[in-house]
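Visitor: Could you walk me through this one?
Guide: Gladly; please bring up the sequence and the structure, and ask whatever comes to mind.

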Amino acid sequence: MLSSSSAVRIRKGHPDDGAALAEIFRESWLHTYRSIIPPLHLETMIRRRGADWWSGAIRSGDLVDLLEFDGKPVGYGTYGPSRVRGPYKGEIYELYLIPAYQGLGFGEHLFEGCRAGLDARRLDGLIVWALAANTPAIDFYWRRGGRPHSSTHDRIGRARLEKISLVWP
Ligand SMILES: CC(C)(COP(=O)(O)OP(=O)(O)OC[C@H]1O[C@@H](n2cnc3c(N)ncnc32)[C@H](O)[C@@H]1OP(=O)(O)O)[C@@H](O)C(=O)NCCC(=O)NCCS
């Protein structure tokens, strides 16, 4: 367990963070979705999100916060306007940490950083989406006050994956 958070920093992502983001994405997605998303599709999704994809996303205005530990980027959060119409104006699209840095309280920092970013843009009311099979993520959001709101399905290859939204009024 960490005794201090003094080495932890949240900062805005820059286009030259592309390689670091691609690496966090790859490690975290392999670990999280290995037993959920069919392997070939998972590999394709990871390949698409290389360094250039990330640099381009940041250049085009996507909001990305990085979490650094001892100067090394180990997690990120992306957020912005909700993708579905309704009373929940802000959405955290993605929150991912390298597996070795999970369970240490860093996710909480990132989550609060994303919320502050949404508040600053007056995007009130938060929604997040997670695959129903990703129970650790659902538990994480539940313990931060999110409550299940709706569900839908994504089809990835032959798999039909249930997605759940959680909301904070
Ligand atoms: C989901 C995720 C972002 C959560 O981040 P995390 O850093 O693992 O979560 P935290 O450590 O902040 O919180 C988990 C628990 O650790 C506890 N914790 C806090 N500080 C701690 C410390 N110093 N040492 C150990 N545990 C600590 C927290 O109290 C928290 O418990 P609680 O939820 O009962 O309050 C992260 O696990 C992750 O990247 N998972 C894989 C990707 C994923 O599923 N993302 C979501 C997709 S929708």
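Predicted model: local features only at pLDDT ≥ 70, side-chain atom pairs only at ≥ 80, totals over all residues.

Visitor: Okay, so how many helices and strands does the protein chain have?
Guide: The protein chain has five helices and seven strands, and along the sequence they follow the pattern β-α-α-α-β-β-β-α-β-α-β-β.

Visitor: And what about its radius of gyration?
Guide: The protein chain has a radius of gyration of 16 Å, which agrees with the value near 15 Å that a compact globule of 169 residues would have. Along the principal axes, the C-alpha atoms fill a box of roughly 40 × 40 × 35 Å, and 32% of the 169 residues count as buried.

Visitor: In what order do the strands sit in the sheet?
Guide: The seven strands form an open sheet with mixed pairing, in the order S1-S2-S3-S4-S5-S7-S6. S1 and S6 (147-156) stand at the edges, and because each has a single partner strand, one side of each is left without a neighbour in the sheet. On average, neighbouring strands of this sheet are turned by 25 degrees against each other, with direction ignored.

Visitor: Which helices lie on it?
Guide: H1 packs on the sheet, where it touches S3 and S4, and its direction makes about 90 degrees with that of S3. H5 lies across S5 and S7, and runs at about 160 degrees to S5.

Visitor: Let's go to S2: how many of its residues are buried?
Guide: Five of the seven residues of S2 (residues 63-69) are buried, so the strand is mostly covered. S2 pairs in the antiparallel sense with S1 (residues 8-12) over five bridges, and Lys 12 stands opposite Asp 65 in that pairing. S2 also pairs with S3 (residues 72-81), again in the antiparallel sense, over seven bridges, and here Phe 69 has Lys 72 as its bridge partner.

Visitor: What happens between S2 and S3?
Guide: The hairpin of S2 and S3 has two residues between the strands, and Asp 70 takes a positive phi near 50 degrees there. Most residues other than glycine have a negative phi. Asp 70 counts as exposed, because it has 8 C-beta neighbours inside 10 Å and the cut-off for exposed is 12 or fewer.

Visitor: Where is Arg 122, and what is its phi?
Guide: Arg 122 is in the loop between H4 (106-120) and S5 (126-131), and its phi is near 55 degrees, a positive value in a residue other than glycine. Arg 122 is exposed as well, since 8 other C-beta atoms lie within 10 Å.

Visitor: Switching to the other end, how do S6 and S7 pair?
Guide: S6 and S7 (residues 159-168) pair in the antiparallel sense over nine bridges, with Leu 161 in S7 as the bridge partner of Asp 154.

Visitor: Last topic: which residues come nearest to the ligand?
Guide: Of the 19 residues around the ligand, Gln 102, Gly 105, Gly 107, Glu 108 and Ala 137 come nearest. The elements that give two or more residues to the shell are H1 (18-33), S4 (90-97), H4 and H5 (135-143).

Visitor: And how does that shell divide by class?
Guide: The shell around the ligand has ten nonpolar, seven polar and two charged residues.

Note on methods: Residues numbered from 1 in each chain as written. Buried ≥ 20, exposed ≤ 12 C-beta atoms within 10 Å, placed from the backbone. Helix = DSSP H or I, 4+ residues; strand = E, 2+ residues; numbered from the N terminus. Pairing = 2+ DSSP bridges. Rg over C-alpha atoms; globule rule 2.2 N^0.38 Å. Near = placed C-beta within 6 Å. Nonpolar A, V, L, I, M, F, W, Y, C, P; charged D, E, K, R; others polar. Axes fitted to C-alpha atoms, helices over the stretch in contact; angles between N-to-C directions. Contact = placed C-beta atoms within 7 Å.
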